[in-house]
Amino acid sequence: MATNANTDKFSRWEMVQLHVKRGDESQILFSTTVDVSIETLTQQICAIYNGRLKVDRICSEIPELADHGVSLPLNMQGLTDDQIMELKLKDEWEDRCIPSGSAEFKKDELGRRNGHAPNEKMKEVLRKTVEEAKALISNKQVQANVCVTMDMVKEALDQLRGAVMIVYPMGLPPHDPIRMEFENQEDLTGTQASLQVIPEEEAQLWWASKELQRGKKLQDYVGKNEKTKIIVKIQKRGQGAPAREPVVSEEEQKKMMLHYYKRQEELKKLEEGDDDSYLQSDWSDRQALKRQFQGLTNIKWGPR
């Protein structure tokens, strides 16, 4: 009951809102209090950041599971059928990890999965769950002004885990990358994904070109106003200060450009209304009629 009471108490307060970015890319909105220690804040944000990456990795792998079935053992991946027969290799998990309902064979041209794919109904379960999980922790939540929490990351992981269990009630092979992700046994060595992950002990938070030191509290930097909203950048230690945020946001810049364009159009119309080029016209010349009566128009000088 104490936890719920604390939650209700904080929900009634205005909280500091952190717009967390990595580089120029928005990640999440995160709510906290000015009294939080930078140590705790860094751990919390880093856990959510890395958790979102895990959800994304699983979501990118599940469509392969839906299309081509479970992963082959590592010693069989990339081999042709003839090579597998010649080496007398056998997938011991093929008969254990069978999808619910009828399976449909669709050969994996990359040779990573066994080709025994779920039927269309089970594929739809996986696809729909992937969409829901990705939406839950998407960086579009920033635009919707929704703060992402670690509970939301766990909920997304639970949704994905549940969908996989529905389709594969006997589970996935221990070497399948999806199961390895769920069990935190993934090996990202040498992959592009490994460059995105930030180990908690190497994580740093920056605000206004200042590193938020772990020995301090957030209020040491932003003061005691709980209604504060700031942009914080997360990165690995040793990468130096991140680039400063532009003085004018992209949205504000668009509004300024639109205002400038409208102003230019208004000035053009005013200039057209004040145009005095008519003063050079023949009809505006007061002496033109007099010269015409005197036969002095179209006079040309020079020999004929």
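Author: Let us begin with Arg113, which is buried, having a relative accessible area of 3%; buried means under 20%, exposed over 50% and partly exposed in between, with a 1.4 Å probe and protein chains only. This is a predicted model, in which local features need pLDDT of at least 70 and side-chain atom pairs count only at pLDDT 80 or more, while totals for chains, interfaces and linings use all residues. Residues are numbered from 1 along each chain as its sequence is written, and side-chain values use heavy atoms, with hydrogens and water left out.

Reader: Where is the place of Arg113, and with which side chain does the side chain of Arg113 make a polar contact?

Author: Helices (H or I, at least four residues) and strands (E, at least two) are DSSP runs numbered from the N terminus, and Arg113 sits in the loop between strand S3 (104–105) and strand S4 (116–117). A polar contact is a pair of N or O atoms within 3.5 Å; within protein, one must be able to donate a hydrogen and the other to accept it, and residues adjacent in sequence count only if both atoms are side-chain atoms. Here the partner is the side chain of Glu61, at 2.9 Å. With contact taken as heavy atoms within 4.5 Å, and leaving out residues up to four places away in sequence, Arg113 touches residues including Glu64, His68, Asp108 and Asp176.

Reader: In what order do the five strands of the open sheet lie?

Author: Two strands pair if DSSP finds at least two bridges between them, and in this model the order is S2-S1-S7-S5-S6, with mixed pairing. Strand S2 (25–32) and strand S6 (210–211) stand at the edges with a single partner strand each, so one side of each has no neighbour in the sheet. S6 pairs with strand S5 (residues 203–207) in the antiparallel sense over two bridges, and Lys210 in S6 is the bridge partner of Trp207.

Reader: Which residues touch the most other members of the largest nonpolar core?

Author: A nonpolar core is a set of buried Ala, Val, Leu, Ile, Met, Phe, Trp, Tyr and Cys residues joined through side-chain atoms within 4.5 Å. The largest has 51 residues, of which Leu18, Leu41, Val55, Leu160 and Leu218 touch the most other members. Helix H2 gives the most to this core, with 13 residues. Leu218, leaving aside neighbours within four places in sequence, is in contact with residues including Val16, Leu18, Leu41 and Leu212.
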